Amino acid sequence: MAARRHEPRGFPRQVLDSGQSLLVVFAGVLLIAAVAQTAALGVRDVRAAVAFGGLIAFGELLRLNLPGDREAAPIATAGALAYALLIRVGDDPARHGPEQVISVAAIGMLIGALPHLAVGRPARLSAMAARLVAVACVAAVFRPLVDHSLIGSRWWSELPVMVSLVVLAWLVEAVIAALIRTDLLRGRFGVTLLDEFHVQLPLGAAVGASALLISFAAEVMGLAAVWVFTAPLLVTQVALRRYTGIRATYLQTVRALARVTEIGGYVETGHSARVSRLAVSIGRELGMPEPALLELEYAALMHDIGQLSLREPIPGGATVLVVREEQRRIAEYGAEIIQEARVLDTVADIVRRQSDPCRPAERSEEPPLSSRIIRAANAFDDLVGSSVEPSRAAAAVQRLRLDTASEYDPQVIEALSRLISRRSVLGP
Amino acid sequence: VGKLSRIAWVYIGAVIAAAAVAVARGPFTGVHWTQLVALGLLLAACESTATLLSQRSLAWSPNTIPSLAAVILLGPVGAALVGCFTLLGIRRGPSPAQRLFNTGMFALSAYLAGRAFLLFGGHVGTPTPQSFPGIIAPFAGAVVVHVIINFSLLRGVLFLTREPGSPAGRVGLDFKLLLTDMGYAAFGLLIAALWSVLGPFTPVLVIIPLLVSRWAVTQFAAQQRAYESTVSALCQAVETKDFYTRGHSERVSRGSVMIAREIAMRAERVEAIRYAGMLHDVGKLGVPTSVLQKNGSLTDDEYAAIQLHPMRGLDIVREIGFLDEALAGIMHHHERIDGRGYPMGLAGDEIPEFARVLAVADAFDAMTSNRSYRGARPVPEAVAELRKWAGTQFDPAFVDAFVTAIERDGWKGPEGAPAGADQATAEDAVPADKLSGGLTPADLLPADLLPDEVLSGAVAEPADELDAPTEPFRAIESI
């Protein structure tokens with residue numbers, strides 16, 4: 001899909017840092033140990049192992065991207081959890097141990113990842129490792145219970161245990177994902193964890209319920225159940241894939257149309273893109289949650305769209321240089337344009353308030369944080385432009401800092417300053 | 001649904017009465033109350049997820065799941081009682097009369113499906129592993145009966161409550177929906193089958209993945225709507241540079257979609273051409289406002305700036321993950337079939353299909369809208385002009401398709417534009433001084449840009465010749 005090329009991404013995909021490497025190594029060791037033990041003990045109930053392994057491979061093949069550059073493989077996860085939670089197939093009790101669950105899940109995932117590899121889409125090892133670890137946790141708790149017949153034979157005794165284990169698996173995966181994200185994006189753990197819950201909750205509920213259904217249905221219908229109950233997940237996946245696609249297109253379109261001001265000669269080339277990148281970094285530094293960051297990105301991209309109402313472009317497009325009244329008029333006009341869209345009212349409000357000073361006169365309230373961020377990021381970019389020279393950036397921050405009393409929000413400027421100094425240490 | 005006719009009331013009353021009689025006759029033996037309540041609540045939950053269909057006030061919900069599960073577990077009377085829980089669905093929209101009708105309809109459909117299940121040899125009660133595969137044939141019969149009765153009753157009420165004058169046949173119940181319903185009904189069998197191991201918890205577990213899948217579908221639809229309205233808002237922003245083209249993008253988009261549908265394009269291509277139509281003029285932003293709004297003839301330089309706009313448009317939208325066809329359409333929408341268009345001077349089939357479609361819709365809207373130097377033309381006149389230039393400027397196939405679509409569905413032009421031939425000719429409404437200014441930038445069109453004219457520098461012509469029959473028609477007026 002062409003749309004994926006431009007997914008928002010603050011980090012290169014293939015670079016694994018220490019935390020991720022640790023996770024992948026851990027999963028690898030787990031896999032080797034599990035396979036070795038399975039080989040030593042012998043595979044129990046080959047038919048079920050093959051059926052579930054096939055389902056996991058199928059699910060991995062159909063893995064999908066969720067908004068925010070996340071990866072999920074709902075059908076594979078549901079299949080692996082169901083195999084971990086399997087009690088009976090027809091009338092026969094399921095006797096496979098946790099090591100066999102981990103082996104089947106890992107091998108299924110690897111087989112499913114192969115076709116992706118063949119067409120040049122390398123697997124994201126950390127996401128696969130997180131899924132495997134989550135399944136391993138469930139298997140490690142549940143298989144011994146089944147083996148020692150500690151689990152009852154009626155649904156009201158089995159179900160609470162199984163539901164809590166499914167929730168556990170979901171939590172493990174979300175926490176790992178949040179840890180990785182915190183590390184990569186330098187966000188705050190609490191905020192990223194909440195973001196993760198927010199994005200993963202509906203899909204997680206569907207995956208968990210499907211896993212339970214599959215393992216219970218195997219008792220009544222045998223192994224055919226394995227495939228039957230993936231149908232709703234398939235529908236969900238198709239819809240989510242299209243949803244993610246259109247979301248990406250949405251962002252690309254706003255980015256592209258934000259550039260009309262550049263092509264019209266109203267602002268400097270690359271201005272909107274730079275301001276939006278900087279604004280999102282500041283927002284993340286200040287601990288804004290993901291939905292707010294998306295709105296901030298939209299608003300930052302379109303912050304200058306009101307300039308279209310000017311008959312003649314401002315020289316260089318530098319709004320920091322024009323008088324307050326003019327700035328306000330441009331902001332107001334931009335907000336009107338965005339409001340036309342009817343679905344972006346918050347974004348329109350952010351754009352409208354961007355020209356207000358952060359310490360307003362007593363008549364009005366403080367502008368929203370996003371507006372204050374855009375105001376600072378815009379001023380910074382007007383001063384620095386596309387230059388990557390650290391001294392120039394530092395000087396610009398210094399100049400903005402002098403104005404913090406009335407014009408700019410001190411905490412925003414401090415966050416900007418932290419970002420700049422970090423960037424000059426790490427290089428542009 | 002506003003006021004119902006008397007016959008519609010009689011119909012609704014008859015459906016409800018039939019359902020009530022079916023339930024009242026009993027027998028109630030074999031109806032387990034826990035199962036009844038669990039399935040009833042599931043039905044109410046399903047009903048609450050109803051999503052509106054595109055046409056009229058129709059909504060769809062996966063109600064066949066609990067209904068068919070009840071057919072197996074509870075028998076006809078129990079299934080009809082479960083159907084009554086439709087009334088408890090939490091929905092905005094339906095009036096009390098609609099709710100009552102829906103309830104009666106589902107109860108009656110479920111009752112008859114239950115009868116069919118027994119007729120085909122099914123046994124009421126919780127199925128055991130031994131019930132398979134014998135249960136499948138009677139269950140399939142019950143599903144077919146349920147879906148057919150449901151659809152027939154719905155068709156009846158749609159027929160009786162249709163707005164006067166609307167065609168009776170087209171009530172938006174298509175075959176695909178029927179199949180979807182049957183697909184969901186299969187989950188009814190799964191609920192019944194799982195009851196022996198999971199008891200009343202079965203509906204909860206089954207409904208979660210289904211609800212999430214509904215949620216995902218609505219998320220997608222909402223995002224798509226949001227996207228469309230945002231694109232259209234931003235296009236309007238672009239149009240503010242030129243007062244006379246307000247709403248132009250939107251209408252070109254609509255016209256292109258009409259053509260695309262008429263020639264039976266695939267759905268995703270129709271989507272792509274919708275966006276292409278919306279964005280086809282976005283490159284105008286690259287043209288200085290002073291040139292766009294200039295009243296009077298253009299210099300060669302200004303002229304060249306205008307001719308660049310399709311390429312500028314491509315520059316802007318290139319980054320968007322659209323179909324490549326849409327990009328090609330935006331770039332080439334000013335090409336002409338005879339090869340005298342711009343920017344590349346492609347001819348005939350060399351011009352991408354999207355571009356040929358856009359060219360027709362673009363020209364048509366330009367003709368039927370007001371311009372600074374002339375008023376809008378009536379639709380029939382514009383159609384005649386399209387026909388006249390089919391083969392030289394436009395692709396005749398798309399002109400035909402567009403004309404057919406307009407004749408069937410009509411055309412909604414900009415506000416204030418004449419709609420029919422009976423209105424005064426548009427030129428009359430335009431002050432003479434407006435007409436004397438010669439060719440204005442907004443009127444530049446390939447037909448005026450024949451090479452010799454371009455070379456001659458000034459393209460100004462006497463106003464009265466603008467619409468002279470011998471003159472090539474300036475169809476692609478909006479730049």
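Biologist: Where in chain B is Gly348(B) found?

Modeller: Gly348(B) sits in the loop between α13 (324–332) and α14 (353–367) of chain B, helices being DSSP runs of H or I with at least four residues and strands runs of E with at least two, numbered from the N terminus. This is a predicted model, in which local features need pLDDT of at least 70 and side-chain atom pairs count only at pLDDT 80 or more, while totals for chains, interfaces and linings use all residues. Residues are numbered from 1 along each chain as written, chains are lettered from A and ligands numbered from 1 in the order written, and side-chain values use heavy atoms, without hydrogens and water.

Biologist: Which residues is Gly348(B) in contact with, leaving aside its neighbours within four places in sequence?

Modeller: They are Arg336(B), Ile337(B) and Arg356(B), contact meaning heavy atoms within 4.5 Å. The C-alpha atoms of Gly348(B) and Arg336(B) are separated by 7.6 Å, and these residues lie 12 apart along the chain.

Biologist: Why is the pair of Glu219(A) and Arg88(A) called a salt bridge?

Modeller: A side-chain nitrogen of Lys or Arg must lie within 4 Å of a carboxyl oxygen of Asp or Glu. The closest N and O atoms of this pair are 3.0 Å apart, so Glu219(A) and Arg88(A) qualify. The pair links distant parts of the chain, with Glu219(A) in helix α7 and Arg88(A) in strand β3 (residues 88–89), 131 residues apart. Over all chains, the structure holds 33 salt bridges.

Biologist: How many salt bridges does the rule find across the interface of chain A and chain B?

Modeller: The rule finds zero there. It does find three residue pairs in polar contact, both residues at pLDDT 80 or more; such a contact is a pair of N or O atoms within 3.5 Å, where within protein one must be able to donate a hydrogen and the other to accept it, and residues adjacent in sequence count only if both atoms are side-chain atoms.

Biologist: What makes up the side of chain A that touches chain B, by class?

Modeller: It has 37 nonpolar, seven polar and nine charged residues. Here Ala, Val, Leu, Ile, Met, Phe, Trp, Tyr, Cys and Pro count as nonpolar, Asp, Glu, Lys and Arg as charged, and the others, Gly among them, as polar. The contact takes 53 residues from chain A and 51 residues from chain B.

Biologist: What area is buried between chain A and chain B?

Modeller: About 4,800 Å², of which carbon and sulfur atoms give 76%; buried area is the accessible area (1.4 Å probe) that two parts lose on being put together, summed over both.
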